[in-house]
Amino acid sequence: MRLQVGCLTNNLDETKAFVEWILKIGEGNIGGLNDSEVEVEFPEDVIVRSTGDHIHSIVSTIYPSFEKHLDDPSYFQDKAILVPTNEEVDAINDYMLGLMKDEGKT
């Protein structure tokens with residue numbers, strides 16, 4: 001799996017366990033009977049705590065100094081933000097695009 005690339009040997013078992021856990025969530029095999037709404041308990045080490053602006057807390061934790069690394073593709077290769085709905089994806093994307101000072105290009 002891609003998450004294993006570049007992973008230190010001592011972290012490999014932990015990475016495999018995380019990958020399996022994420023896959024089980026995606027397959028609907030965690031959290032009991034899935035009738036389109038299920039509560040899933042997340043490990044403490046993957047939770048981002050926030051007391052106010054949740055999107056800012058998530059982005060600044062996963063992408064610290066985001067604005068300083070826009071020209072460095074490797075900065076983005078080992079980071080991801082996982083959210084349950086497309087609406088949340090759109091909100092985070094809009095926030096991050098707002099952090100970019102340059103005009104967009106197509």
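I began with V46 and found it in the loop between α1 (9-26) and α2 (54-62), where helices are DSSP runs of H or I with at least four residues, numbered from the N terminus. The model is predicted, so that local features need pLDDT of at least 70 and side-chain atom pairs count only at pLDDT 80 or more, while totals for chains, interfaces and linings use all residues. I kept in mind that residues are numbered from 1 along each chain as its sequence is written, and that side-chain values use heavy atoms, with hydrogens and water left out.

I then looked up the cover of V46, which is partly exposed at a relative accessible area of 34% (buried is under 20%, exposed over 50%, partly exposed in between, with a 1.4 Å probe and protein chains only). V46 also belongs to a nonpolar surface patch with F18, F42 and I47, and together they have about 300 Å² of accessible area (Shrake-Rupley method, 1.4 Å probe, only the protein chains shown counting as cover). Such a patch takes residues with over 30% relative accessible area and no salt bridge, joining nonpolar side chains (Val, Leu, Ile, Met, Phe, Trp, Tyr) within 5 Å and like charges within 9 Å.

Next I turned to salt bridges (a side-chain nitrogen of Lys or Arg within 4 Å of a carboxyl oxygen of Asp or Glu), and I noted a count of two. In one, R49 meets E44 at 2.5 Å, N to O; R49 is exposed at 58%, and E44 is exposed at 56%. In the other, K79 pairs with D78, their closest N and O atoms being 3.2 Å apart; K79 is partly exposed at 24%, whereas D78 is exposed at 65%.

How values were computed
Helices (H or I, at least four residues) and strands (E, at least two) are DSSP runs, numbered from the N terminus.
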